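Hi,

Here is the structure I promised to pass on. My notes follow below it.

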Amino acid sequence: MKIAVLHDYADVFRATSAYQKLNGHEVVVHTDAYADPARVVEQAAGCDALLLTQQRVTVTRPVIERLPDLKFISQTGGNVYHLDIAACTERGIVVSAGGHGGGRGGGNPFSTTAELAWGLIIASLRHIPFEVERLKQGQWQSTAGTRLYGRTLGVYAFGHIGGAVARVGRAFGMNVVCWGREQSTARARAEGFEVAASRAAFFGNADVVSLHLPGGKDTRGIVTADDLAGMKPGALLVNTSRAPIIAEGALVAALQKGRPGFAAVDVYETEPVVGAAHPLLKMNNVLCTPHLGYCEREQYEDMYAGAVRRLLAWAAGKPLDVVNPDAVEKR
């Protein structure tokens, strides 16, 4: 079996125990970042299978139709919105996707994003990247940071990640206020967290708002320009979730107007962002990272364990976690 591994930016896959299980198969790992789906054709040509890391690359119908040898796609994680499943099924390409692989990172697969969210919050409020660069340039301190203790942290969506962020905020002595759907706020109340009296109060009273909503049609644009306009001039908005949950163009416009005063962002409408081609990267009141939320070694170990397990199961004629079972019949 010839396997192409795409968008392994940090060249992590070859260092995992999962990679060793593919001995005897031809594995080609590609680490370059690109946004053009057509590049998939170049890198997957002649391959029987693809191993895709999260939703880093879109695989469209035109791409699929140019890969006559492709028979199987193993996807880390359960989200497959970036794949044309109908086209795969028509061509007899089996798509297998699922949760974590049961490896070392599986005990708490959501903590890495919560950890990054706190890294962004502290780095932003204490101006750490700015001061580090100034010190390297021979300058001494020139900013005054904002403490966490006594400030109000707004957590939008109290799920696995949002809950972890809220608990850390409470440990820092912050006033944690939550918002979200009924199930989300019920979980927050059950743990003793306050729920905002209204949406306007949630955004208007918070010193830090951290977004933890899932992507999808139901949440697209759920954070509106009015929500952002209601935030304090000194407030920080943190998005480690999905870019489309904020109305298109609303965050850039809001930051230009000074409400909120600062943002920390790990996710973008189109990824990867190459050539610094995003307006947020040109703004002094934004801290941007390249979608690092889940990018941690044990997390990768676990994700790839699941993906390789599905690859080997398919090679043995017993595919697991099949998204499009009709494709199996076509083969």
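Is Glu-133 buried, partly exposed or exposed? At 40% relative accessibility, Glu-133 counts as partly exposed (buried is under 20% relative accessible area, exposed over 50%, partly exposed in between, with a 1.4 Å probe and protein chains only).

Before the rest, please note that this is a predicted model, where local features need pLDDT of at least 70, side-chain atom pairs count only at pLDDT 80 or more, and totals for chains, interfaces and linings use all residues. Residues are numbered from 1 along each chain as its sequence is written, and side-chain values use heavy atoms, leaving out hydrogens and water.

Glu-133 meets the side chain of Lys-136 in a salt bridge of 3.8 Å, N to O (a side-chain nitrogen of Lys or Arg within 4 Å of a carboxyl oxygen of Asp or Glu). The two are three residues apart in helix H6 (residues 128–136), so about one helical turn separates them (helices are DSSP runs, H or I, of at least four residues, numbered from the N terminus). Lys-136 is exposed, at 66%.

The structure holds 11 salt bridges. Another one joins Arg-61 and Glu-90, with the closest N and O atoms 2.8 Å apart. Arg-61 lies in helix H3 (residues 61–65) and Glu-90 in helix H4 (residues 85–90), so this pair ties together parts 29 residues apart in sequence. Both ends are partly exposed: Arg-61 has a relative accessible area of 27% and Glu-90 one of 49%. Elsewhere, Asp-32, Arg-39 and Glu-42 form a salt-bridge network.

Happy browsing!
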